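Here is a short report on the fold of one model. Please keep the sequence and the coordinates open while reading.

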Amino acid sequence: MKVTIKDVAKEANVAPSTVSRVIANSYKISEETKLKVNKAIKKLGYTPNVMARGLVSNKTRILGVVLPSEAADLFKNPFFVEAMKGMSMGAEENGYYIMYAFSKNEEDELKSIKEFVSSNLLDGICLLAARENDRCIKYLKDIKFPFVVVGRPDNDKDILWVDNDNFNAMYSVVNRFISDGENNIAFIGAKKAWNVSRYRLNGFKEALKINGISYDKDKVIETEDFNEACGYEAMQKIISKSKPNIVVTTEDLLAFGANKFLIENNINGIKLIGFNNTPMAKYQIPPISSIDINATELGYQATKLLINSLDNKNNNKVNHYIVDTNFIER
């Protein structure tokens with residue numbers, strides 16, 4: 001037989017309304033009473049009805065996570081798995097739940113967001129991408145619906161966001177190789193409309209500029225997607241015009257594709273650098289160095305930032321958080 005809130009109230013010798021307030025962590029209830037009620041909840045194995053709580057408090061404690069089309073095959077791009085893991089950890093720590101939605105493109109993503117908002121099931125939304133002139137961000141900002149973005153938006157004022165310093169992460173690695181005497185460096189990126197892609201390319205350009213190395217367009221390829229096929233084709237285009245000593249990429253999957261082309265064509269002497277430090281990077285032949293963006297931490301800090309705002313805990317009015325990166329050389 002299902003345990004009810006009345007059963008808990010009887011066990012703790014309090015009114016059912018008091019149990020509801022304890023579950024909602026009301027400041028009006030004494031610590032002694034909270035301890036007594038929580039002890040009864042644990043003893044009886046009571047599980048609060050999330051939807052019923054939402055009707056009473058006008059809060060569901062549910063967050064929606066909208067995944068972009070790149071997350072469709074989670075096994076090929078572990079970044080999203082790691083980010084989702086961090087989000088789940090952050091939500092669970094604070095008594096929140098998460099609903100996920102996958103999208104095929106930006107239009108489909110916007111549709112999912114509108115459905116989430118109109119359902120009245122969510123307290124806030126987490127986005128896993130920031131684009132140039134992002135329609136999803138604009139929509140949520142216009143209707144003043146709580147949300148957070150993994151990625152730095154164009155206009156980040158009054159927007160909650162979490163990201164790495166992508167400019168500096170790429171700049172530091174390229175500058176390091178140039179300092180070691182390497183100046184023949186190529187670049188493979190993807191999705192020019194994504195802000196993260198622009199920051200990483202700008203970091204590459206600045207490292208060349210600060211070291212007096214001219215920017216060669218033939219050594220810079222920007223593909224349509226973050227996958228192995230695009231990395232393969234990009235490497236093929238670069239090799240058709242020159243042979244760099246180092247190729248930096250904006251995603252491990254691009255580096256994997258580039259590596260496949262080099263192996264199939266028996267081309268040696270080119271060092272590949274990936275981004276995201278996915279588990280398969282160290283199992284490539286040869287192992288691929290990569291910039292670890294700490295994806296789990298990105299997801300965790302994103303939900304934490306949003307939840308603090310929803311629960312009025314963001315006293316310092318902090319609207320963003322920068323997660324450190326680490327260069328893993330192999």
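This is a predicted model: local features need pLDDT of at least 70, side-chain atom pairs count only at pLDDT 80 or more; totals for chains, interfaces and linings use all residues.

Residues are numbered from 1 along each chain as its sequence is written, and side-chain values use heavy atoms, with hydrogens and water left out.

**Helix α7**

Helices (H or I, at least four residues) and strands (E, at least two) are DSSP runs, numbered from the N terminus. Helix α7 spans residues 135-142. Cys-136, Ile-137 and Leu-140 of this helix are buried (under 20% relative accessible area, 1.4 Å probe, protein chains only; exposed is over 50%, partly exposed in between). These three residues cover an arc of only 95 degrees around the axis, so they sit on the same side of α7. The arc is taken from the directions from the helix axis to the C-beta atoms. Their cover includes α6, β3 and β4. Asp-134 caps the N-terminal end of α7. One of its side-chain oxygens lies 2.9 Å from the backbone nitrogen of Cys-136.

**The parallel sheet**

Six strands form an open sheet with parallel pairing, in the order β2-β1-β3-β4-β5-β11. Two strands pair if DSSP finds at least two bridges between them. β2 (97-102) and β11 (320-322) each have a single partner strand, so one side of each lacks a neighbour in the sheet. The twist averages 15 degrees from one strand to the next. Axes are lines fitted to C-alpha atoms, for helices over the stretch in contact, and angles run from 0 to 180 degrees between N-to-C directions. Strand β1 (residues 62-67) pairs with β2 over six bridges. Within that pair, Val-66 stands opposite Ala-101.

Val-148 lies in β4. Its relative accessible area is 0%. Ile-125 is 23 residues away in sequence, yet 6.5 Å away in space, C-alpha to C-alpha. Beyond four places in sequence, Val-148 contacts (heavy atoms within 4.5 Å) residues including Ile-125, Trp-161, Ala-302 and Leu-306.

**The mixed sheet**

Another open sheet of six strands has mixed pairing, in the order β7-β6-β8-β9-β10-β12. Its edges are β7 (220-223) and β12 (326-328). Here too the twist averages 15 degrees from one strand to the next. Strands β6 (residues 185-190) and β8 (residues 246-249) run parallel, joined by four bridges. Phe-187 has Val-248 as its bridge partner in β8.

| α6 (residues 106-119) | β1, β2, β3 | about 145 degrees with β2 |

**Nonpolar cores**

A nonpolar core is a set of buried Ala, Val, Leu, Ile, Met, Phe, Trp, Tyr and Cys residues joined through side-chain atoms within 4.5 Å. The largest has 45 residues. Leu-128, Val-174, Ile-185, Phe-204 and Val-248 touch the most other members. Val-174 touches Ile-185, Phe-204, Ala-207 and Val-248, leaving out residues up to four places away in sequence. Apart from this core lies another, of 25 residues, among them Ala-186, Trp-194, Val-196 and Phe-226.

Note on methods:
A polar contact is a pair of N or O atoms within 3.5 Å; within protein, one must be able to donate a hydrogen and the other to accept it, and residues adjacent in sequence count only if both atoms are side-chain atoms.
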